[in-house]
Amino acid sequence: QDAAARLVAAYTSSIEADLSVARSVADLAADLGVTATHLTRSCRKTCGETALSLLNGRVIHEARKLLRDTNMPIKEIGSRLGYTSPAYFTRSFQSHTGKTPRDYRKSV
């Protein structure tokens with residue numbers, strides 16, 4: 001349990017290190033010296049979520065913060081968070097929140 005918790009703590013620190021670089025779970029796991037499967041298993045055991053869910057959740061949390069607290073263009077927010085296109089950012093954000101980035105910004 002302790003080893004899994006330490007791995008998940010290292011993983012979440014890796015996510016926080018640079019949200020502007022689009023990295024996959026496999027990339028982050030490799031940086032930590034484990035497989036993506038092992039990382040996901042540890043995440044499920046420690047916090048009940050997959051590694052991908054933790055990664056996506058953190059990125060969407062940051063997007064919400066930037067939409068709420070800045071006047072930064074939506075396109076720039078998506079790019080800053082590692083999305084390769086504004087359309088992909090909008091689809092991803094909407095699938096997690098139920099709102100487009102523009103609608104979310106208007107509602108807060």
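**Entry 1: helix H2**

I take exposed as over 50% relative accessible area, buried as under 20% and partly exposed as in between, with a 1.4 Å probe and protein chains only. Helices here are DSSP runs of H or I with at least four residues, strands are runs of E with at least two, and both are numbered from the N terminus.

I note that the model is predicted: local features need pLDDT of at least 70, side-chain atom pairs count only at pLDDT 80 or more, and totals for chains, interfaces and linings use all residues. Residues are numbered from 1 along each chain as its sequence is written, and side-chain values use heavy atoms, with hydrogens and water left out.

I then listed the buried residues of H2, which are Val25, Leu28 and Ala29. They cover an arc of only 100° around the axis, so they lie on the same side of H2. The arc is that of the directions from the helix axis to the C-beta atoms. The cover over these buried residues includes H1, H3 and H4. After H2 comes Gly33, with a positive phi near 80°.

**Entry 2: helix H3**

I turned to H3, residues 36-47. Its twelve residues reach 16 Å from first to last C-alpha, close to the 16 Å expected at 1.5 Å a residue; the expected span is 1.5 Å times one less than the number of residues. Leu39, Ser42 and Cys43 are the buried residues of H3. Seen down the axis of H3, these fall within an arc of 100°, so they line one face of the helix. The face turned away from them carries the exposed Thr37, Arg41, Arg44 and Lys45.

I checked the packing next, with contact meaning heavy atoms within 4.5 Å. The buried residues of H3 pack against helices H1 (2-17), H2 (25-32) and H4 (51-69). Leaving aside neighbours within four places in sequence, I find Cys43 in contact with Val8, Tyr11, Gly48, Glu49, Thr50, Ala51 and Leu54. Gly48 follows H3 and has a positive phi, near 75°.

**Entry 3: nonpolar core**

I looked up the largest nonpolar core, which has 25 residues; those with the most contacts inside it are Tyr11, Leu39, Cys43, Leu55, Ile77, Leu81 and Phe93. H1, H2, H3, H4 and H6 each supply at least two residues of this core, and H4 gives the most, with eight. A nonpolar core is a set of buried Ala, Val, Leu, Ile, Met, Phe, Trp, Tyr and Cys residues joined through side-chain atoms within 4.5 Å.

**Entry 4: aromatic rings**

I found four aromatic pairs. Phe89 and Phe93 form one that is tilted, at 6.0 Å centre to centre with 50° between the planes. Rings of Phe, Tyr and Trp (its six-membered ring) pair if their centres lie within 6.5 Å; planes under 30 degrees apart count as stacked, over 60 as edge-to-face and the rest as tilted. Phe89 and Phe93 are four residues apart in helix H6 (residues 86-97), so about one helical turn separates them. Phe89 is buried at 1% relative accessible area, and Phe93 at 0%. Ring pairs link Tyr83, Tyr88, Phe89, Phe93 and Tyr104 into a cluster.

**Entry 5: whole chain**

Buried residues make up 32% of its 108 residues.
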